[in-house]
Amino acid sequence: MKNILLSMTAADLGQVALDMGEKEFRGRQIAHWIYRAGVKEIEQMANLPALFRKKLASRYTVGRASILNLSQSKDRTFKLLLQLDDGESVESVGMLYSDRFSCCVSTQAGCPVGCVFCATGAEGYQRNLAAGEIVGQVLAVQEAGQKEGLAEVNGRVSHVVFMGMGEPLLNYEATLKAVHLINSEMGIGMRNITISTIGYVPGIFRLAEERLQLTLAVSLHAADEALRRKLVPGMTRYSLKDIIQACRDYIKTTGRRVTFEYCLLNRVNDSREDAERLAALLKGLNCHVNLIPYNPFPGNAYKKPEKATIDEFRRRLEEMGINVTQRAQKGAGIRAACGQLRGQHNL
Ligand code: SF4
């Protein structure tokens, strides 16, 4: 089986070139072809000598996944279903706004956390993704955006959110390696990268020590201990108090504001009292709350709250001094909530 180039830095690729009797600078050329030009075949790396290309291709492959499905919604969101080498599949989403091209990547095939409202959680856990499989999603989304003529902002992905299938901090090494590749090899600014965790406390402490300028988003979904245990059954080892303490440490160590994600579920966590509990929990923290009205999927009992309920929840948080945004609900027409496209293909 051939080794995979995707996931190697320009320096790693320089070593590959040296090992094959070539000059080290070839590594930078190969990195450019993979991460900037987005080629899928070594044969396309036109400025490498033909003999070196042949030698390289006898031992290595670029390692891009194939696209099983692409679906688009009217609001300039599209979703890819990618097939990995071993037959596993993952979802990635491209979202186009007037000022940015955002890509949401998966870090695991399936997810072990099993949140009760999540399509991915309902499908169970298969495996961690390698760093190259994560970066490959960004390249695939970028290419799809360009092909469909959807992408603006020079046609390049400008923002990456680790918010697709899986819990990124349970696949820590590959996630961090992917962050560095996206930043240094693809040229996407660290401040344009967001890692979203369901509240895996050891991972938050560890990430703080990296002192990166990326954004940490923590999905709370409840400010009441019993309700959170019910909604997020795979993370009950860590209480809300533990999570807030880890976030406090993160803010102190990195100087970065934390985002709290809160998925609003009709008559489950959307009352005035829920908003007040949330505001009390976050009091004094350098943070903001991102409200996500639930995107229902077939076979799941949870529903999206009425607009008036969402507005009231938001207003109550603001009255209590919390910065709030509401995520624009994109992609409902293509079943863009994580795990839904994969479930549809029954893979
Ligand atoms: S919401 Fe996130 S952490 Fe929870 S099951 Fe889905 S993918 Fe996993």
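Q: Two strands count as paired if DSSP finds at least two bridges between them. With that in hand, in which sense do S3 and S4 pair, and over how many bridges?
A: S3 and S4 pair in the antiparallel sense over six bridges. Strands here are DSSP runs of E with at least two residues, helices are runs of H or I with at least four residues, and both are numbered from the N terminus.

Q: Before we go on, what kind of model is this, and what pLDDT do local features need?
A: This is a predicted model, in which local features need pLDDT of at least 70 and side-chain atom pairs count only at pLDDT 80 or more, while totals for chains, interfaces and linings use all residues. Residues are numbered from 1 along each chain as its sequence is written.

Q: Thanks! Back to S3 and S4: how many residues lie between them in the hairpin?
A: There are four residues between them, and arginine 76 in the turn has a positive phi of about 60°.

Q: And what's the strand order in the open sheet?
A: The open sheet has ten strands with mixed pairing, in the order S3-S4-S5-S6-S9-S10-S11-S12-S13-S14. Its edge strands are S3 (66-72) and S14 (324-326), each pairing on one side only. From one strand to the next, the twist averages 20°; angles run from 0 to 180 degrees between N-to-C directions, and axes are lines fitted to C-alpha atoms, for helices over the stretch in contact.

Q: Which helix packs on the sheet and touches S3, S4, S5, S6 and S9?
A: That is helix H5 (residues 131-147), whose direction makes about 50° with that of S5. Helix H11 (residues 307-319) also packs on the sheet, touching S12, S13 (287-293) and S14, and its direction makes about 175° with that of S13. Residues are in contact if their C-beta atoms, placed from the backbone, lie within 7 Å.

Q: How does S6 pair with S9?
A: S6 (residues 101-105) and S9 (residues 159-162) pair in the parallel sense over four bridges. Serine 102 stands opposite histidine 159 in S9. S9 also pairs with S10 (residues 193-197), in the parallel sense over three bridges, and there valine 161 has threonine 194 as its bridge partner.

Q: Okay, serine 92: where does it lie?
A: Serine 92 lies in strand S5 (residues 89-96).

Q: Is serine 92 buried or exposed?
A: Serine 92 counts as buried because 26 C-beta neighbours lie inside 10 Å. The cut-offs are 20 or more other C-beta atoms within 10 Å for buried, 12 or fewer for exposed, and in between for partly exposed, with C-beta atoms placed from the backbone.
A: Arginine 127 is found in strand S8 (residues 125-128). With 14 other C-beta atoms within 10 Å, arginine 127 is partly exposed. Among its contacts, not counting residues up to four places away in sequence, are Glu88 and Gln108. Arginine 127 and glycine 110 are 17 residues apart in sequence and 7.1 Å apart in space, C-alpha to C-alpha.

Q: And serine 219, what is its bridge partner in S12?
A: The partner is glutamate 261. C-alpha to C-alpha, serine 219 and glutamate 261 are 4.4 Å apart in space and 42 residues apart in sequence. Serine 219 sits in strand S11 and is buried, with 24 other C-beta atoms within 10 Å. S11 (residues 215-219) and S12 (residues 258-264) pair in the parallel sense over three bridges.

Q: Switching to helices: at what angle do H7 and H9 pack?
A: Helix H7 (residues 201-210) and helix H9 (residues 240-254) pack at about 5°, with their axes 9 Å apart. H7 and H9 are therefore roughly parallel to each other; under 35 degrees counts as roughly parallel, over 145 as roughly antiparallel, 65 to 115 as roughly perpendicular and the rest as oblique. The residues of this contact divide into eight nonpolar, two polar and three charged. Ala, Val, Leu, Ile, Met, Phe, Trp, Tyr, Cys and Pro count as nonpolar, Asp, Glu, Lys and Arg as charged, and the others, Gly among them, as polar.

Q: Last one: which residues come nearest to the ligand?
A: Of the twelve residues around the ligand, Cys111, Val113, Cys115, Cys118 and Gly121 come nearest. A residue is near a molecule or strand if its C-beta atom, placed from the backbone, lies within 6 Å of it. By class, the shell has seven nonpolar, four polar and one charged residues.

Key. Contact = placed C-beta atoms within 7 Å.
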